[in-house]
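Let's take a friendly look at how charged side chains pair up in a protein model. Have the structure open as you read.

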Amino acid sequence: MTITVLLAEDQTMFRGAMATLLGLEPDIEVVADVGRGDEVVSACEAFRPDLALLDIEMPGIDGLEAARRLAKAVPGTKVVIVTTFGRTGYLHAAMAAGAAGFLLKDAPVTELADAIRKVAAGQRVIDPSLAIAALSEGASPLTPRETEVLAAARGHGTIADIARRLYLSPGTVRNHLSAAIQKLGARTRTEAVEIAEGKGWLVR
């Protein structure tokens with residue numbers, strides 16, 4: 001049985017190399033490739049691949065949002081996230097989005113091909129070192145609103161700026177920022193942003 005695959009990766013050279021290497025596998029066929037996250041669903045609707053390999057950082061929408069939309073639009077296509085960013089927050093978000101696999105780009109192509117076969121067979125595949133880190137760290141301690149406010153603070157805007165952007169009162173923004181800073185053991189909101197981003201907890 002041939003496993004059909006769609007590649008979604010914004011780096012043209014990397015996408016082409018991956019397609020070529022996977023094409024050498026006797027049981028894997030790359031039927032389509034796209035360079036934007038917002039092209040994933042339409043391409044999968046057209047080609048109905050068994051599996052979609054999605055990068056996280058892409059123009060249009062990111063790979064995690066593409067995975068969420070794909071789960072609703074083409075549930076028969078399984079998703080594997082292949083990314084440079086080995087962050088536990090991204091792993092949690094990918095699993096919540098319905099992904100069946102999460103691998104890092106520096107994995108050998110033989111390992112990627114093996115993961116494709118396992119996912120196609122109904123298994124779940126996660127980079128071992130990242131899985132261990134995710135289990136030890138656990139999920140983000142931030143509430144959805146705290147995450148939203150902290151993400152909005154990445155631009156170093158004032159409390160008033162953040163409040164206007166999120167349609168909240170300045171007092172509410174201060175309270176959420178204070179709670180986030182405390183939960184993350186940070187001294188400042190800038191430090192809190194750095195900690196949360198480093199763990200991948202400020203995913204869009």
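## A pair within one helix

The side chains of Asp114 and Lys118 form a salt bridge, with 3.3 Å from N to O. A salt bridge here is a side-chain nitrogen of Lys or Arg within 4 Å of a carboxyl oxygen of Asp or Glu. Because Asp114 and Lys118 sit four residues apart in helix α5, about one helical turn separates them. Helices (H or I, at least four residues) and strands (E, at least two) are DSSP runs, numbered from the N terminus.

Asp114 is partly exposed at 33% relative accessibility, and Lys118 is partly exposed with a relative accessible area of 33%. Buried means under 20% relative accessible area, exposed over 50%, and partly exposed in between (1.4 Å probe, protein chains only).

## About the model

This is a predicted model, in which local features need pLDDT of at least 70 and side-chain atom pairs count only at pLDDT 80 or more, while totals for chains, interfaces and linings use all residues. Residues are numbered from 1 along each chain as its sequence is written, and side-chain values use heavy atoms, leaving out hydrogens and water.

Lys183 lies in helix α9 (residues 170–183) and Glu146 in helix α7 (residues 144–152), so the pair ties together parts 37 residues apart in sequence. Lys183 is partly exposed at 39%, whereas Glu146 is buried at 7% relative accessibility.

Salt bridges that share partners join Glu9, Asp55 and Lys105 into one network. Within it, Lys105 and Asp55 pair at 3.4 Å, N to O, and both are buried.
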